[in-house]
Amino acid sequence: MKTCAAASLKAIAYQAADRPQGTGTGAAIVQFTNTTAKSCLLQGHPTVAGAANGSPELNVPLKVTPTGSASPVKLSPGGQAWLKLTFVQVQGEGDGYCESGSAPVIYPTMVIGLPGAGKHQVALEDGQFAECDGTLTATAVSATKPS
């Protein structure tokens, strides 16, 4: 079975229910849906870049620390798979601050890359991506929806 082509996937993102304390995004779930009539495979950990001003050509690659093992996920037509991104949390009120002393960064969208399945630009359904230090942890694509 072939890896899902970028054009065959619809990607959305929303804030995770289970996320670190703070005022930033903390953690986000990225959901992929197979929009074609054929089954395909997704596998692996993502690459992640913040899209400055929502413009993919101004991408800022973030350092991803993969967590968990990567197993192939078969997506039937209409099937879904998920991954979870956990950011270094912004603290405090208003514009907030980073515990490291660096300035918080807000991205209108993120560009999520999957091995063999292209890059997908996603906006949060409920806010913007706010993070510290340009680093995050990411689960592999999974058939089990994370919280």
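Biologist: Let's start with the cysteines. How many disulfides does the structure hold?

Modeller: The structure holds two disulfides, and keep in mind that this is a predicted model.

Biologist: Which cysteine does cysteine 4 form a disulfide with?

Modeller: Cysteine 4 is bonded to cysteine 40, with 2.0 Å between their sulfur atoms. That pair links distant parts of the chain, 36 residues apart: cysteine 4 is in the segment before β1 (9-15), and cysteine 40 is in strand β3 (residues 40-42).

Biologist: Are cysteine 4 and cysteine 40 buried or exposed?

Modeller: Cysteine 4 and cysteine 40 are both buried. Their link is right-handed, with 90° about the S-S bond.

Biologist: And what about cysteine 98, which cysteine is its disulfide partner?

Modeller: Cysteine 98 goes with cysteine 132, and their sulfur atoms are 2.0 Å apart. This link is left-handed, with -90° about the S-S bond. Here again distant parts of the chain are linked, 34 residues apart: cysteine 98 sits in the loop between β8 (80-88) and β9 (105-107), while cysteine 132 belongs to strand β12 (residues 129-139). Cysteine 98 and cysteine 132 are buried as well.

Biologist: If I number the bonded cysteines in sequence order, what is the pairing?

Modeller: The pairing is 1-2, 3-4.

Biologist: You mentioned β12. Which strand runs parallel to β12?

Modeller: Strand β6 (residues 63-67) runs parallel to β12, and five bridges join them. In that pairing, lysine 63 has threonine 135 of β12 as its bridge partner.

Biologist: How many bridges are there between β8 and β12?

Modeller: There are four bridges between β8 and β12, in the antiparallel sense. Valine 105 faces glutamate 131 of β12 in opposite positions.

Biologist: Changing topic: which strands form the open sheet, and in what order?

Modeller: Four strands form the open sheet, in the order β5-β4-β10-β11, with antiparallel pairing. From one strand to the next, the twist averages 30°.

Biologist: Why is one side of β5 and of β11 left without a neighbour in the sheet?

Modeller: β5 (59-61) and β11 (118-123) stand at the edges and each has a single partner strand, so one side of each has no neighbour in the sheet.

Biologist: How many bridges does β5 make with β4?

Modeller: Strand β4 (residues 47-51) and β5 pair over three bridges, in the antiparallel sense. One spot to look at is alanine 49, which stands opposite proline 61 in β5.

Biologist: Now the inside. Which residues touch the most other members of the largest nonpolar core?

Modeller: That core has 28 residues, and Phe32, Leu42, Leu85, Met110, Ile112 and Phe129 touch the most other members. The elements giving two or more residues to the core are β1, β2, β3, β7 (73-75), β8, β10 (109-114) and β12. The largest share, four residues, comes from β8. Apart from this core there is another one of five residues, including Tyr14, Ala27, Ile29 and Trp82.

Biologist: Back to Ile112. What is isoleucine 112 in contact with?

Modeller: Leaving aside neighbours within four places in sequence, the contacts of isoleucine 112 include Val30, Phe32, Leu83, Leu85, His120 and Val122.

Biologist: And valine 30, why does that count as buried?

Modeller: Valine 30 has 1% relative accessibility, so it counts as buried, the cut-off being under 20%. Valine 30 is found in strand β2 (residues 27-34).

Biologist: How far apart are valine 30 and alanine 81, in sequence and in space?

Modeller: Valine 30 and alanine 81 are 51 residues apart in sequence and 8.5 Å apart in space, C-alpha to C-alpha. Beyond its neighbours within four places in sequence, valine 30 is in contact with Ala81, and also with Ile12, Ala13, Trp82, Leu83, Leu85 and Ile112.

Terms used:
Residues are numbered from 1 along each chain as its sequence is written. This is a predicted model: local features need pLDDT of at least 70, side-chain atom pairs count only at pLDDT 80 or more; totals for chains, interfaces and linings use all residues. Side-chain values use heavy atoms; hydrogens and water are left out. A disulfide is a pair of cysteine sulfur atoms within 2.5 Å. Buried means under 20% relative accessible area, exposed over 50%, partly exposed in between (1.4 Å probe, protein chains only). Contact means heavy atoms within 4.5 Å. Two strands pair if DSSP finds at least two bridges between them. Axes are lines fitted to C-alpha atoms, for helices over the stretch in contact, and angles run from 0 to 180 degrees between N-to-C directions. A nonpolar core is a set of buried Ala, Val, Leu, Ile, Met, Phe, Trp, Tyr and Cys residues joined through side-chain atoms within 4.5 Å.
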